[in-house]
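This briefing gathers what can be said about the fold, the domains and the chain contacts of one model. The sequence and the structure come first, and the points that follow are grouped by topic.

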Amino acid sequence: MGIKSSMWIAAIALAAVSGLAAAQTVKIGIITTYSGPGSAQGDQLDKGFKLYLKLNGDKLPPGVKVEPIYRDDTGANADAAKRLAQELIVREKVQFLTGVVWTPNAAAIAPLTAEAKVPFVSANAAGVSIPRMSPYFARVSFTLWQSAYPLGQWAAKKFKRAYTVVSDFSPGHEAEEAFTKGFKEAGGEIVGSARVPMTATDFIPYMQRVRDAKPEVIFGFNPAGKQATAQMKAYSDLDLGKAGIKYIGTGDITTDEELQNMGDSALGVMTVHHYSAAAERPANKALVAAYKKEYGEKLNPGFMVVGAWDAMDMIFHAIREQNGKVDPDKTMQIFRNYKNPNSPRGPISIDPETRDIVQNEYLREVRKVGGQLANVELETVATQYKDPWKEFNKPK
Amino acid sequence: MQDLLSSLVSVAFHGLAYGMILYVISVGLSVTMGLMGFVNLAHGVFAMAGGYVMLSAMNSMGIPFPLALIAAFIAVALASMVLERLLYSRLYTAGELEQVLFTIGLIFMSVAVARLVYGTLPQPVHLPEYLKGQLHFLGRDFPAYRVFLIVFSVSIVGLLWFGVERTRWGAMVRAAVDFRAMAQSVGINTSRLFTLTFALGSGLAALGGALGAEIIAIQPTYPFEHLVFFLIVVAVGGLGSLRGPFVAALLIGVADTACKYWVPEVGAFFIFIATIVVLLWRPEGLFGKAA
Amino acid sequence: MTHAGGYIADPRIRKIEWLPWVLAVLCYFVAPSYLPLGSYVLTMVIFALSLDLILGYGGIITLGHSAYFGMGAYVAGILAARLTGEPLLGLLAGTLGAGLLGLITGMIILRTRGLALLMLTLAITSVCYEVANKATALTGGADGLGGFTVQPILGLFKFDMFGKTAYLYCLVVLFVCWWLVRRLVYSPFGASLTGVRENNVRMHAVGSPVYQRLVTSYTISAALAGLAGALLTQTTQFVGLKVLGFELSGELMVMLILGGVGRIYGAFVGPLVYLVAQDYLAKQFPEYWYFGIGAMLVLVVMFARGGILGIIDAVIARLRRKSD
């Protein structure tokens with residue numbers, strides 16, 4: 001072999017070795033809401049992602065780095081979200097997409113991920129049929145059916161007559177439908193239903209109707225935030241508790257980050273949800289402590305923070321399993337088999353068939369713990385529970 | 001029948017409280033737009049600021065409720081005077097479009113500042129003990145705070161009307177609203193009048209925002225979300241008038257609440273349909289001056 | 001109300017009027033990763049043109065133009081979801097639907113002026129928003145309407161992931177709209193519109209059918225807004241409630257005033273500057289870009305009347321004076 005050819009071989013070998021040893025940067029596109037009326041929810045996702053990255057950002061194979069790129073979709077603006085996703089995929093060449101508070105935004109992004117083959121992990125967007133829109137979609141958050149349906153079944157054991165009051169938009173309709181089905185199937189009677197417009201600041205007229213109908217229990221659903229507080233206040237202002245009407249709902253009505261604002265009127269409210277900041281398990285205690293340390297003693301993480309946390313955890317898991325060389329189809333295979341027994345909300349996994357989240361649903365009651373209001377977990381009403389809507393609506 | 005009456009009373013009562021808050025916030029806008037001809041879409045910013053000042057004073061500094069309210073009024077009135085002298089006054093001769101652009105720019109900036117300082121979550125409202133709970137009269141329970149709201153707002157309204165009808169300052173304002181050029185030619189210093197009136201209107205907005213924090217949550221996006229309702233109160237009531245927005249706010253508060261109670265499916269539409277009907281019938285508003 | 005622009009006697013296309021098209025075509029080749037944003041800007045330019053017709057040339061201030069935009073968007077979306085994804089048909093349907101809505105609402109509300117008219121437009125768009133929110137079976141409600149595909153244009157040009165087809169589609173549509181609007185503005189009809197805006201009383205005195213002219217221009221403007229809405233639905237293959245909200249109307253008004261009202265190119269400059277600034281600021285400061293946009297608006301108003309084109313006019317005038 002001549003000197004020239006050995007030099008060539010050496011050069012190629014050197015190039016190959018340096019290629020292997022070169023740092024791998026995995027780009028993750030994070031779309032959330034920083035401005036507009038939805039910024040409170042978007043902020044929760046942002047805090048969750050940043051906290052995870054701060055505490056666990058280095059738990060990667062040697063030479064592999066992660067670069068998060070944050071974008072603002074300004075609210076439930078599907079066209080803006082789609083455009084941002086397009087840019088992230090085409091311009092920044094992200095290998096993962098995550099975040100997304102709003103269902104319409106996720107629904108607009110989904111077909112894009114199918115075409116571009118980019119794995120998309122929803123940290124919040126809960127529309128039941130989104131996983132069917134793209135084979136590269138997986139959800140780590142929740143669906144409303146997961147909490148409202150078992151709540152309906154549980155409630156029918158204690159109460160015979162219920163009245164539903166939900167916010168008038170699609171998640172509200174989903175929650176109402178799920179609860180009604182669960183409640184009726186278990187023998188209960190729905191004596192009335194009301195849908196409150198999203199612009200309403202005052203829930204009194206609707207709660208007054210409830211009072212007139214004299215049910216035993218109200219089922220409520222609002223998007224977490226000031227609507228939840230307003231509905232709670234109306235319940236207490238009209239003294240519905242004294243009139244013997246109990247208030248129950250999905251965890252959105254007593255969401256942890258808002259709970260302190262609701263005051264003592266929230267005491268005794270029972271909800272079913274997949275996460276409570278007051279949960280005693282060690283993984284959660286660690287999260288809450290870290291959250292308070294990073295963002296302020298008075299603040300509590302809500303379920304969206306945990307959604308973001310687990311989404312990032314699943315992405316990191318996929319990166320580790322592939323040693324930084326991320327392939328979309330392998331990633332989806334890893335996602336399908338993902339199991340995490342140590343999430344702050346308890347054991348979770350992904351359903352390989354639907355790519356949706358499988359988790360426990362807990363019955364909680366608002367009590368005072370250490371002078372603060374907390375959603376105390378009483379029992380697990382549904383263990384390793386799959387989204388029931390998909391069970392009822394199997395694709396033909 | 002007894003039950004229906006009882007429910008109606010309850011609905012009317014709550015609607016009244018909501019309407020009063022709307023009025024206290026919006027009356028300043030009516031006067032500003034009527035007096036100065038200035039399209040101040042940023043009016044909600046002053047209401048929001050009042051809410052933030054009062055809640056900060058109470059939550060972080062432990063200042064008692066009445067003092068915090070006064071603090072909100074004074075702080076925002078003073079700040080609005082500064083804004084008026086520095087920025088607003090330059091645009092009195094500009095067209096409406098420029099004023100729209102400017103005030104929307106102001107809203108954007110204040111939303112960002114509110115977010116930076118206070119975060120995105122709605123501010124917690126902790127009412128003083130003596131205003132919590134229920135009051136019992138006429139055989140029913142009424143939330144104490146809403147009773148207080150109604151009584152307090154009515155007294156503010158009374159003071160305001162007295163001030164405008166009976167004082168010299170009020171006469172000057174009325175003159176300037178009716179015929180600015182004439183008012184100037186009889187020697188009324190309209191520029192100082194504008195500043196003072198603007199400050200009063202903004203201060204009232206702040207008071208309304210602070211009082212109403214329990215009903216209309218204080219959040220950075222407040223000025224955008226509720227702008228429509230303030231504008232509706234002023235347009236339906238009539239620009240430049242005090243009585244008009246009062247009636248409009250009461251109607252909106254009570255009728256909107258009653259409508260949501262009786263026919264909840266169309267509850268969200270009522271305000272807008274009512275606005276359309278009133279404005280087509282009387283474009284100048286219920287008590288405005290016909291063009 | 002002062003704004004430069006309006007009826008100019010000479011309708012020939014000046015050389016500088018080719019500039020926007022040259023820039024747009026350049027953008028396609030030079031900045032291919034910005035094409036999705038580019039399509040959105042072009043769509044907003046069409047929307048702004050429609051607003052300029054009645055605001056700048058007709059003198060009607062409205063916060064409810066998104067009702068027509070949204071109508072066009074939803075008609076195109078529902079057509080694609082239920083009947084056919086043929087894009088040109090969708091554009092036509094959206095335009096006609098919005099035009100019809102514009103005609104009906106215009107006839108009702110254009111008897112009023114000023115604040116009353118403004119509030120009526122606001123109320124109408126709010127009602128449309130609530131109707132769309134409730135009619136979930138048809139519109140998807142708050143979740144929006146998606147999952148439909150738009151077929152290739154003329155059977156040839158498929159909508160791709162990079163937004164190339166969408167961009168060129170928007171550009172061609174914009175060109176057609178611009179040409180139409182320009183013809184309209186420089187026609188006797190356009191002149192009478194300017195007359196209505198400048199001196200309503202005198203127009204009545206010379207027997208000009210003011211109300212009819214306003215309704216006609218309002219209808220055309222609504223149809224154009226619907227065209228823009230349909231275009232947005234087709235290029236993003238999704239339609240959500242936001243297209244009907246008055247926030248969008250407000251944003252559009254800001255974009256147009258920023259560019260300069262009553263001169264066709266304000267509708268080009270305004271959305272371009274606003275959206276590019278928003279895009280840049282949002283990426284640098286995802287949480288506080290609002291402040292930057294607000295400051296930009298306040299500064300533009302403080303330093304010049306007539307928006308950005310007004311500033312440019314003033315600068316050019318000053319330069320001319322200096323060289324004299």
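A residue is called buried here if 20 or more other C-beta atoms lie within 10 Å of its own, with the C-beta atoms placed from the backbone. By that criterion α2(A) is mostly covered, since 13 of its 18 residues are buried. The model is a predicted one, and the values below are computed from it.

- The domain assignment divides chain A into domain 1, made of residues 24-142 + 283-355, and domain 2, made of residues 145-273 + 361-392.
- Taken over C-alpha atoms, the centres of domain 1 and domain 2 of chain A are separated by 28 Å.
- Where these two domains of chain A meet, 14 residues of domain 1 are in contact with 17 residues of domain 2.
- On the side of domain 1 of chain A that touches domain 2 of chain A, helix α2 (residues 39-56) gives the most, with 3 residues.
- By class, that side of domain 1 of chain A has 7 nonpolar, 6 polar and 1 charged residues.

**Fold of chain B**

- Chain B contains 11 helices and 2 strands, and from the N terminus on its elements follow the order α-α-α-α-β-β-α-α-α-α-α-α-α.
- The radius of gyration of chain B is 19 Å, close to the 19 Å that the globule rule gives for 291 residues, so chain B is as compact as a globular protein of that length.
- The C-alpha trace of chain B spans about 60 × 50 × 35 Å along its principal axes.
- Of the 291 residues in chain B, 56% are buried.

**Contact between chains B and C**

- The contact takes 33 residues from chain B and 32 residues from chain C.
- On the side of chain B that touches chain C, the helices α4 (96-118), α9 (222-237) and α11 (267-281) of chain B each supply at least two residues, and α4(B) gives the most, with 15 residues.
- The residues of that side of chain B divide into 26 nonpolar, 3 polar and 4 charged.

**Contact between chains C and A**

- Here 25 residues of chain C are in contact with 29 residues of chain A.
- Both α2 (35-57) and α10 (210-236) of chain C supply at least two residues of the side of chain C that touches chain A, and α2(C) gives the most to that side, with 3 residues.
- By class, the side of chain C that touches chain A has 11 nonpolar, 11 polar and 3 charged residues.

**The largest nonpolar core**

- Among the 330 residues in the largest nonpolar core, those that touch the most other members are Ile21(B), Met54(B), Ala72(B), Val233(B), Ile46(C) and Met119(C).
- This core also draws at least three residues from each of domain 1 and domain 2 of chain A.
- Leaving aside residues up to four places away in sequence, Ile46(C) touches Val173(C), Leu174(C), Cys177(C), Leu224(C), Leu227(C), Ala228(C) and Leu231(C).

Key. Residues are numbered from 1 along each chain as its sequence is written. Chains are lettered from A and ligands numbered from 1 in the order in which they are written. This is a predicted model: local features need pLDDT of at least 70, side-chain atom pairs count only at pLDDT 80 or more; totals for chains, interfaces and linings use all residues. Helices (H or I, at least four residues) and strands (E, at least two) are DSSP runs, numbered from the N terminus. The radius of gyration is taken over C-alpha atoms; the globule rule is 2.2 Å times the number of residues to the power 0.38. A residue is buried if 20 or more other C-beta atoms lie within 10 Å of its own, exposed if 12 or fewer, and partly exposed in between; C-beta atoms are placed from the backbone. Two residues are in contact if their C-beta atoms, placed from the backbone, lie within 7 Å. Ala, Val, Leu, Ile, Met, Phe, Trp, Tyr, Cys and Pro count as nonpolar, Asp, Glu, Lys and Arg as charged, and the others, Gly among them, as polar. Domain bounds come from an automatic or database domain assignment. A nonpolar core is a set of buried Ala, Val, Leu, Ile, Met, Phe, Trp, Tyr and Cys residues joined through C-beta atoms within 7 Å.
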